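The notes below follow the order in which I checked things.

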Amino acid sequence: MPSTLTGTVALVTGASSGIGAATARRLAEDGASVALVARRKGRLDDLAAEIGKAGGTALVVEADITDRTQAEAAVQHAVEHFGRLDILVNNAGLMLLGPVVGADVDEWERMLAVNVQGLLHTTHAALPHLLKAAEDGPRKVADIVNISSIAGRVAWNGYGVYNLTKFGVNGFTESLRQEVTQRHVRVGVLEPGGVDTELGSHNKPEIQGAMITPFYETTEVLTPDDIAYMVTRPRHASIGELWIMPTDQA
């Protein structure tokens, strides 16, 4: 992406906190109009007001992207409001850790719905508009950025289903990149290790604490702003090039 995004429109899922909120702020600072998509409307309203006060433009779109109809409506609302869509940031995610034996299967299904189905729904809905932007937009290019995880490349005890979702995101990203790269839609993935967000807030420390501790002992913990910088930096990379390594492998 160029350093200035004036005249472009971005849609960010999971925009109510963490990486999503930080990315939306930076996109707006760089001149993009931003559609903020998430379930927590109050937080989105606060973020939109913050962006507006700083001179940016933001649209609040309350939606649960695990529902295909809502995901499609969110994309359509953004396009109708702004007239176009140039950038999609698939950030919405959920991390629920635990062993397979004795697992809460309902939690698995919820995580699969957010991390995989939601990403598929928004990408499918947004892609025709992104292709159009790449064809006749001012930049002649469009971007899809999927926020994945180091868990999409490295497996740990207790991360099984989370690994499943993130390995899937990475494979989908690379396949889609090959499908649309000749049509000037750049598709990339970010695979951070530890990031200080609410992502793991649903985990139960008394159950998952021992599983998480070894990971944080070997991984640099980043901030949402660190990831936002990489999402919006000028050069956009394909899978693997933006992988943030654990410190003991760097």
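**Helix packing, then the sheet**

I began with helix α4 (residues 105-136) and helix α5 (residues 160-180), which pack at an angle of about 15° with their axes 9 Å apart. Angles under 35 degrees count as roughly parallel, so I noted α4 as roughly parallel to α5. I recorded the crossing of α4 and α5 as right-handed. The model is a predicted one, and I read every entry here with that in mind.

Next I listed the residues that meet. From α4 the contact takes in Trp-108, Met-111, Leu-112, Asn-115, Val-116, Leu-119, Leu-120, Thr-123 and Leu-127. From α5 I found Val-161, Tyr-162, Leu-164, Thr-165, Lys-166, Val-169, Phe-172, Leu-176 and Val-180. Sorted by class, the contact of α4 with α5 holds 14 nonpolar, three polar and one charged residues.

I then turned to the sheet. What is the order of the six strands in the open sheet? I read it as β3-β2-β1-β4-β5-β6, with parallel pairing. From one strand to the next, the twist averages 15°.

For one pair I looked at the bridges. Strand β1 (residues 9-13) pairs with strand β2 (residues 33-38) in the parallel sense, over five bridges. I traced Thr-13 to its bridge partner in β2, Val-37.

Last, I checked where α5 sits against the sheet. α5 lies across β5 (142-147) and β6, and α5 runs at about 160° to β6.

Methods. Residues numbered from 1 in each chain as written. Predicted model: local features only at pLDDT ≥ 70, side-chain atom pairs only at ≥ 80, totals over all residues. Heavy atoms only, no water. Axes fitted to C-alpha atoms, helices over the stretch in contact; angles between N-to-C directions. Helix = DSSP H or I, 4+ residues; strand = E, 2+ residues; numbered from the N terminus. Parallel < 35°, antiparallel > 145°, perpendicular 65-115°, else oblique. Left-handed = near helix turned anticlockwise from the far one by under 90°. Contact = heavy atoms within 4.5 Å. Nonpolar A, V, L, I, M, F, W, Y, C, P; charged D, E, K, R; others polar. Pairing = 2+ DSSP bridges.
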